[in-house]
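Please read it beside the sequence and the structure.

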Amino acid sequence: YDFLYASVGVHPHEVRMMSEEDIEKLKCYSKHPKVKAIGEIGLDYYYDNSPRDLQKKWFARQIELALELDMPIIIHDRDAHRDCLDILNQYRGVRGVFHCYSASAEMLDEVLDLGFYVAFGGSITFKKAQKPVEAVAKAPFDRILIETDCPYLTPEPYRGKRNSSLYIHLVAEKI
């Protein structure tokens, strides 16, 4: 499909099995002209499916790959905001987007100073979603992206059902 593009990367849930050979595979995959980013990479301290030290190691290594290839990154950051930013601060010049931004409005300043975009999904419509609502209110309009994260994070009033791009207007309307 002409209108579809891809990113390649190893999600933090899966890095426990990662090796340097996987970096070489990602490098090979990224040569395809439809691959436009390295991701979804980052840290996930909510589930901790991979040890945190390995998550940090392979997040940093995939950032290095993105810099080598001059590609943006797509960041998965769940309950690991400070560690994500500390690692990113070691790699000035990397660019990309924080997928499903969930950190505070205060931390948003650091994210924006690094040159990143912030993406918001259905979670900003949740009744208890104070942090993302405050962050989106503070974010410059030209640095905001919207997303579905399908099949997850279905916006209200459809929460609990499978997400769909048909609901993306609810995210835009909330913003």
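Which residue follows helix 4, and what is its phi? The residue is Gly115, and its phi is positive, near 90 degrees. The model is a predicted one, in which local features need pLDDT of at least 70 and side-chain atom pairs count only at pLDDT 80 or more, while totals for chains, interfaces and linings use all residues. Residues are numbered from 1 along each chain as its sequence is written, and side-chain values use heavy atoms, with hydrogens and water left out. Helices (H or I, at least four residues) and strands (E, at least two) are DSSP runs numbered from the N terminus.

**The nonpolar core**

A nonpolar core is a set of buried Ala, Val, Leu, Ile, Met, Phe, Trp, Tyr and Cys residues joined through side-chain atoms within 4.5 Å; buried stands for under 20% relative accessible area, exposed for over 50%, and partly exposed for what lies in between (1.4 Å probe, protein chains only). The largest such core has 44 residues, and the members that touch the most others are Phe59, Ile63, Ile73, Leu88, Phe98, Tyr101 and Phe116. At least two core residues come from each of helix 1 (20–29), strand 2 (35–44), helix 2 (52–69), strand 3 (73–78), helix 3 (81–88), helix 4 (105–113), strand 5 (117–120) and helix 5 (130–138). Helix 2 provides the largest share, six residues. In soluble globular proteins, nonpolar side chains tend to be buried together.

When neighbours within four places in sequence are left aside, the contacts of Ile73 (heavy atoms within 4.5 Å) are Ile38, Ile41, Ile63, Ala66, Leu88, Val94, Arg95, Gly96, Val97 and Phe116.

In helix 4 the buried residues are Ala105, Met107, Leu108, Val111 and Leu112. They lie on the same side of helix 4 because they cover an arc of only 145 degrees around the axis, the arc being that of the directions from the helix axis to the C-beta atoms. Glu106 and Asp113, on the other side of helix 4, are exposed. The cover over the buried residues of helix 4 includes helix 3, strand 4 (96–99), strand 5 and helix 5.

Helix 3 has His81, Cys84, Leu85, Ile87 and Leu88 as its buried residues. These cover an arc of only 160 degrees around the axis, so they too are on the same side of helix 3. Their cover includes strand 2, helix 2, strand 3, strand 4 and helix 4. An α-helix has 3.6 residues a turn, so residues three or four places apart point the same way.

**Salt bridges between helices**

The structure holds 12 salt bridges, each being a side-chain nitrogen of Lys or Arg within 4 Å of a carboxyl oxygen of Asp or Glu.

| Pair | Closest N and O atoms |
|---|---|
| Glu20 and Arg61 | 2.7 Å |
| Glu110 and Arg82 | 2.8 Å |
| Lys138 and Asp109 | 2.8 Å |

Glu20 in helix 1 and Arg61 in helix 2 are 41 residues apart, and their pair links distant parts of the chain. Glu20 is partly exposed at 37% relative accessibility, whereas Arg61 is buried at 18%. Glu20 and Arg61 are also linked with Glu64 in a network of salt bridges.

Glu110 lies in helix 4 and Arg82 in helix 3, so their pair ties together parts that are 28 residues apart in sequence. Glu110 is partly exposed, with a relative accessible area of 28%, and Arg82 is partly exposed at 36%.

Lys138 in helix 5 and Asp109 in helix 4 are 29 residues apart, and this pair again links distant parts of the chain. Lys138 counts as partly exposed at 38% relative accessibility, as does Asp109 at 36%.

Tyr1 lies in the segment before strand 1 (6–8), and Tyr1 is exposed, with a relative accessible area of 73%. Tyr5 lies in the segment before strand 1 and is exposed, at 52% relative accessible area. Apart from neighbours within four places in sequence, Tyr5 is in contact with Lys34 and Lys36. The C-alpha atoms of Tyr5 and Lys34 are separated by 5.0 Å, although the two residues are 29 residues apart along the chain.
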